[in-house]
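Colleague: Before I rely on the labels attached to this structure, I would like to go through them with you one by one. Please show me the model first, and begin with a single residue.

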Amino acid sequence: TFLSAVSEYGVTRTCLVPTAIEAVVQALHNYPADLTSLRSVMYAGSPIASHTLRSVIDAFDCDLVQFYGTTETFIITLLRPDQHRLDAAQILRSCGQPMPPVRVRLIDDNGADVSDGVPGEVLVRSPWMFGGYWRNQEATQAVLSDGWYHTGDVAFRDQDGNLHLVDRLKDMIVTGGENVYAAEVERALEAHPAVAAAAVVGAPDERWGERVVAFVVPVDDMHVDADGLALHCREIIAGYKVPKEIHLVDELPMTASGKVRKDQLRELARSKQRRQR
């Protein structure tokens, strides 16, 4: 539908989630279409993996703009077209810098601002931010403090002022007293050439409190196994972050907006544990 719309009606700008962009790129192999009318594609929800960026640029041949935002704040940061460079992998892993006049703070568990390179919760203040939830003062007070909105996202700021999202606070895994950000483990898994997609969750563990569990979608026609993926991860991340379980699946459960349903994966991890007992 997207390909035919661009070809027939000359669409110049569009906004897609990264999973949809990658699906369009794959579809172009079987259904060639004229996309020369496209001038810019905005995307949000997650970064585009650097190893897929070249095919995206070749397929669309237009400006790419990533934005990070929430329903309550609208757009917070932008990764500009000139920052989408194949030789700048570190920048591509970020979501860019705050839009003027948006203000962003990163705080630790005690509410103190963190230094560059240190993960902290993202707080936002802007002229177009929401004023509160309709008829729900309790929920409003839970996320607003002195005019700052608590996003529940964890990020760090690099030396150039670019924001790098790490994870959702609720998705952080505490195993053996150590914090593990699921997104970091997912990036390690997706760095393997045979991995098309990965999602990581925490599951209850009698010894460690929680254990790291991964669900991996292999690339078509490429062989991969759990042991090989674990060894691959050990070369990239600390040992305690390496998944204790790796399940190969055909697909990940997704929302309509293209985000992974981690609630379903957590329940699946628990059900697999119950069957093993």
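Modeller: Not counting residues up to four places away in sequence, Ser40 touches Thr12, Arg13, Thr14, Cys62 and Asp63, where contact means heavy atoms within 4.5 Å. This is a predicted model, in which local features need pLDDT of at least 70 and side-chain atom pairs count only at pLDDT 80 or more, while totals for chains, interfaces and linings use all residues. Residues are numbered from 1 along each chain as its sequence is written, and side-chain values use heavy atoms, with hydrogens and water left out.

Colleague: Why is Ser40 counted as buried?

Modeller: Buried means under 20% relative accessible area, exposed means over 50%, and partly exposed is in between (1.4 Å probe, protein chains only). Ser40 has 14% relative accessibility, so it counts as buried, and it lies in strand S2, strands being DSSP runs of E with at least two residues and helices DSSP runs of H or I with at least four, numbered from the N terminus.

Colleague: What makes Tyr181 buried or exposed?

Modeller: The relative accessibility of Tyr181 is 16%, and it therefore counts as buried, although its place is in the loop between strand S12 (178–180) and helix H6 (182–190). Leaving aside neighbours within four places in sequence, Tyr181 is in contact with Pro119, Val154, Val166, Asp167 and Met172.

Colleague: And how do you know whether Phe74 and Asp221 are buried or exposed?

Modeller: Phe74, in strand S4 (residues 74–79), has 56% relative accessibility and so counts as exposed. Asp221, in the loop between strand S14 (209–218) and helix H7 (226–234), is exposed because its relative accessible area is 86%. Phi is positive in Phe74, near 65 degrees, and this residue is not a glycine; Asp221, also not a glycine, has a positive phi of about 70 degrees.

Colleague: Which peptide bond is cis?

Modeller: The bond from Pro100 to Pro101 is cis, with omega near 0 degrees, and Pro101 is found in the loop between strand S5 (97–98) and strand S6 (103–107).

Colleague: What makes a group of residues a nonpolar core?

Modeller: The term is given to a set of buried Ala, Val, Leu, Ile, Met, Phe, Trp, Tyr and Cys residues joined through side-chain atoms within 4.5 Å. The largest such core has 21 residues, and those with the most contacts inside it are Ile21, Leu35, Leu38, Val41, Val56, Phe60 and Leu64. Two or more residues each are given to this core by helix H1 (2–9), helix H2 (18–30), strand S2 (40–43), helix H3 (50–60) and helix H4 (89–92), and the largest share, four residues, comes from H2. A second, separate core of 20 residues includes Val212, Val224, Ala230 and Ile237. In soluble globular proteins, nonpolar side chains tend to be buried together.

Colleague: How many helices and strands does the protein chain have, and why is it called as compact as a globular protein of that length?

Modeller: The secondary structure comes to eight helices and 15 strands. The radius of gyration of the protein chain is 20 Å, close to the 19 Å that the globule rule gives for 277 residues, so the chain is as compact as a globular protein of that length; the radius is taken over C-alpha atoms, and the rule is 2.2 Å times the number of residues to the power 0.38. Buried residues make up 43% of the 277 residues.
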